[in-house]
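Trainee: Could we go through this model together, with each term given its cut-offs as we meet it?

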Amino acid sequence: VESQKSDEEHEKHEGHNGSGVELLCVVRNLLKKIKRRVLVGDKVLVGSIDWNDRRGVIENVFERKTEVIDPPVANVDHLLVLFSLDQPKPEEFSVTRFLVEAESTRIPVTLALNKAELVDKETVSLWKSKLRSWGYEPIICSVETKTGLDSLRFSLRDQTSVIVGPSGVGKSSLINALRSEHFRFGPAEVDDWPNSISGSKWLEDQRVGEVSARSGRGKHTTRHVSLLPLSGGGYIADTPGFNQPSLLKVTKQSLALCFPEVRKILSESHPSKCAFSNCLHLGEPGCLVKPDWERYQYYFQLLDEIKIREEFQ
Ligand code: GDP
Ligand code: ZN
């Protein structure tokens, strides 16, 4: 839905970086009644716009492409898994767990290795070739020496991204390094606002926008999440995501598909399916995935973990 304001008026209200205008909005009562939560990153229909006070009412929430729970952000289209090459050193099984958790969201995943200045070239090459064999082309970076940051900006451009990874690898430092220097932090103290603004003038004045404000996880655990515009285009959540993969969304059957190297084997085979539709690739007759890939041991270990969890559910 497009605003019925004239182009001229639109321009008048464009933000400093041409990405739109910031409005302080309340959520329409009706949406609250049907328990439609508004998340940061949501595409919403805004009505009753007061252009002078820059206020509006969120009238509707459009269908989400994706929904990340930690941090709560809608329409994330890229997950950046961050590890560091040293302090702490990457550990293969831990990297695998994070990658599997990220892959299980079905959101495209990029892997980056930070603190490159702490290790020698050989260590970097070893990790690069290992990760390539796992199906990833890692971005090597250092927030400290500002290397690799342009590659990251390029990889994150024009998308909404969340950074995940264990603690201490430099997620917060990276978010700070990537955020646009021109960005003025948003004002939205939404919770202090009255619950509804009366009158439904919205049909005359409505506009599709993206929510970039503040979101809560229940009354007592309110957590601020904002989407920061990146200097290379796109947005990044200002809060790092999960740093302890729970694998709760991963099932015995979906686990193998969280490994790009297995997806590759299957997609390159004809037919592209094992003989048994519920094959777990543990040597069943007619299985296309032979146990000769490097991460098979980790697959096996995670499968065990999931089996135990499923038994107790
Ligand atoms: P987070 O827990 O993943 O958010 O990690 P932080 O951003 O808090 O960083 C943890 C520590 O690593 C801090 O002391 C940072 O200054 C440091 N750090 C971040 N990036 C680099 C880097 O590229 N090189 C080095 N040597 N230290 C870094
Ligand atoms: Zn199989």
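Mentor: Donors are N, O and S atoms within 2.8 Å of the metal (3.2 Å for Na, K and Ca), and water is not among the atoms, so sites may look incomplete. This is a predicted model, in which local features need pLDDT of at least 70 and side-chain atom pairs count only at pLDDT 80 or more, while totals for chains, interfaces and linings use all residues. Residues are numbered from 1 along each chain as its sequence is written, chains are lettered from A and ligands numbered from 1 in the order in which they are written, and side-chain values use heavy atoms, with hydrogens and water left out.

Trainee: Which spacing do the donors of the zinc ion (ligand 2) follow along the chain?

Mentor: The zinc ion (ligand 2) is coordinated at 2.1 to 2.4 Å by Cys-274 (SG), Cys-279 (SG), His-281 (ND1) and Cys-287 (SG). Along the chain, these donors follow the spacing C-x4-C-x1-H-x5-C.

Trainee: What arrangement do the four donor atoms around the zinc ion (ligand 2) make?

Mentor: Four donors count as tetrahedral if all angles lie between 85 and 135 degrees. Ideal angles for four tetrahedral donors are 109.5 degrees. Because the angles subtended by the four donor atoms here are 103 to 114°, the arrangement is tetrahedral.

Trainee: Are Cys-274 and Cys-287 buried or exposed?

Mentor: The test is relative accessible area with a 1.4 Å probe and protein chains only: under 20% is buried, over 50% exposed, and in between partly exposed. By that test both Cys-274 and Cys-287 are buried.

Trainee: How many residues of S7 are buried?

Mentor: Val-109, Leu-111 and Leu-113 point one way from S7, whereas Thr-110, Ala-112 and Asn-114 point the other way, and all are buried. S7 is therefore largely enclosed by the rest of the structure, the count of buried residues being six of the six.

Terms used: Tetrahedral: all angles 85-135°; square planar, octahedral: opposite > 155°, others 65-115°. Helix = DSSP H or I, 4+ residues; strand = E, 2+ residues; numbered from the N terminus.
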